Amino acid sequence: AKAIGLKNLMCSGVSDTKSVQGYKDSSKLFNEIGKRLSDEGLAFNYHNHAWEFEDLGGVNGMEILAEETDPALVKFNMDVFWLYYGEQDVVGFIEKHANRAGYFHFKDGRAVVDSEGKRRPNFLELGNGEVDLKAAYAAAIATGAEWIVSEQDSTLLTPLEAATISRNYLRTLGV
């Protein structure tokens with residue numbers, strides 16, 4: 001990673017998303033990896049999804065990661081769609097963890113209920129969903145964000161069409 005000029009490495013999972021111990025075990029490993037990467041001039045980032053916000057008996061996984069990891073060694077690659085989908089206050093989360101803001105994934109969409117009655121994510125191009133991207137952008141910039149990445153999990157459009165729509169939306173924010 002260093003040889004090709006990268007500054008950030010990212011992980012997007014823990015050993016067991018359904019247990020407090022899984023997050024605690026992963027936190028210990030993340031601190032160790034974060035230290036090794038920091039010694040090499042690289043940053044370790046944890047990428048959130050919605051599952052980290054599921055209740056684990058009065059606490060959620062992101063709370064455990066925030067408590068059990070060293071902010072100097074473990075940054076957060078904050079995905080604003082998953083914050084929204086996980087029913088979090090997107091701006092509040094960014095502000096609360098500003099000292100951990102590694103970089104951001106901007107993704108848009110909405111929560112829908114499928115034919116089986118299950119809540120599912122519906123991914124859309126930036127500016128076409130329900131995420132308050134303008135507020136998220138302002139909060140991200142306030143952290144001193146160096147990177148805001150447009151991320152599209154799926155689309156009915158061609159990749160070029162989807163990327164063009166999202167890029168044009170980012171331009172409206174001044175990016």
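**Close-up 1. Lys-107, a buried lysine.** Lys-107 has a relative accessible area of 1% and is therefore buried (under 20% relative accessible area, with exposed meaning over 50% and partly exposed in between, for a 1.4 Å probe and protein chains only). The model is predicted, so that local features need pLDDT of at least 70 and side-chain atom pairs count only at pLDDT 80 or more, while totals for chains, interfaces and linings use all residues. Residues are numbered from 1 along each chain as its sequence is written, and side-chain values use heavy atoms, with hydrogens and water left out. Lys-107 lies in the loop between β4 (101–106) and β5 (108–113), where strands (E, at least two residues) and helices (H or I, at least four) are DSSP runs numbered from the N terminus.

**Close-up 2. Partners of the Lys-107 side chain.** The side chain of Lys-107 makes polar contacts with the side chains of Asp-79, at 2.8 Å, and Glu-151, at 3.2 Å (pairs of N or O atoms within 3.5 Å; within protein, one must be able to donate a hydrogen and the other to accept it, and residues adjacent in sequence count only if both atoms are side-chain atoms). Leaving aside residues up to four places away in sequence, Lys-107 also touches others, including Phe-81, Trp-82 and Leu-133 (contact means heavy atoms within 4.5 Å).

Close-up 3. Within α5 (residues 133–142), Leu-133, Ala-136, Tyr-137, Ala-139 and Ala-140 are buried. These residues lie on the same side of α5 because they cover an arc of only 165° around the axis, taken from the directions from the helix axis to the C-beta atoms. On the other side of α5, Lys-134 and Ala-142 are exposed.
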